[in-house]
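Here are my notes for a colleague opening this model for the first time. Please keep the structure in view while reading.

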Amino acid sequence: MYHINNIVETNNLVSISSGYSIGSYDVSCLSGNITLHRALDGASYEGIGKGAINIEHLPTLYDDIGAFGNPAVTVDAP
């Protein structure tokens, strides 16, 4: 694995050690309330450098702007 930064490396270590996918998010990029719920039919978001990511029916984090992350996708929204 290549080095990105300490936060990403810590997430990778915890994910590999625990078997659970985790994420860290820049709170200055989030807006309003954060909720976790199942994504709707046909839902997607733009992943970082990956184009559209299909999140249909997956547990997904949302803020007031929209979807930004979920435990099943390895690349989250910016």
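1. Start at Gly-23. Its relative accessibility is 39%, so Gly-23 counts as partly exposed. Buried here means under 20% relative accessible area, exposed means over 50%, and partly exposed lies in between (1.4 Å probe, protein chains only). Gly-23 sits in the loop between α1 and β1. Helices (H or I, at least four residues) and strands (E, at least two) are DSSP runs, numbered from the N terminus. Between the C-alpha atoms of Gly-23 and Thr-10 there are 9.8 Å, with 13 residues separating the two along the chain.

2. A caution on the source. This is a predicted model: local features need pLDDT of at least 70, side-chain atom pairs count only at pLDDT 80 or more, and totals for chains, interfaces and linings use all residues. Residues are numbered from 1 along each chain as its sequence is written, and side-chain values use heavy atoms, leaving out hydrogens and water.

3. Which residues does Asn-11 touch beyond its neighbours within four places in sequence? They are Ile-22, Gly-23 and Ser-24. Contact means heavy atoms within 4.5 Å. Asn-11 belongs to helix α1. Its relative accessible area is 13%, so Asn-11 is buried.

4. Ile-22 is in the loop between α1 (6-18) and β1 (35-38). Ile-22 counts as partly exposed because its relative accessibility is 38%. With Val-14 and Tyr-20, Ile-22 makes a nonpolar surface patch of about 300 Å². Such a patch joins nonpolar side chains (Val, Leu, Ile, Met, Phe, Trp, Tyr) within 5 Å, from residues with over 30% relative accessible area and no salt bridge. A salt bridge is a side-chain nitrogen of Lys or Arg within 4 Å of a carboxyl oxygen of Asp or Glu.

5. Now the helix itself. The end C-alpha atoms of α1 are 18 Å apart, which agrees with the 18 Å its 13 residues should span at 1.5 Å a residue. That expected span is 1.5 Å times one less than the number of residues. At the start of α1, a side-chain oxygen of Asn-5 comes within 3.0 Å of the backbone nitrogen of Ile-7. After α1 comes Gly-19, with a positive phi near 80 degrees.

6. Look also at Leu-58, in the loop between β3 (51-54) and β4 (59-62). Leu-58 is partly exposed, at 24% relative accessible area. Its C-alpha atom is 8.1 Å from that of His-37, 21 residues apart along the chain.

7. Overall, the chain has 1 helix and 5 strands. Of its 78 residues, 23% are buried.

Key:
Patches are made of residues with over 30% relative accessible area and no salt bridge: like charges are joined within 9 Å, nonpolar side chains (Val, Leu, Ile, Met, Phe, Trp, Tyr) within 5 Å. Accessible areas come from the Shrake-Rupley method with a 1.4 Å probe; for residues, only the protein chains shown count as cover. A polar contact is a pair of N or O atoms within 3.5 Å; within protein, one must be able to donate a hydrogen and the other to accept it, and residues adjacent in sequence count only if both atoms are side-chain atoms.
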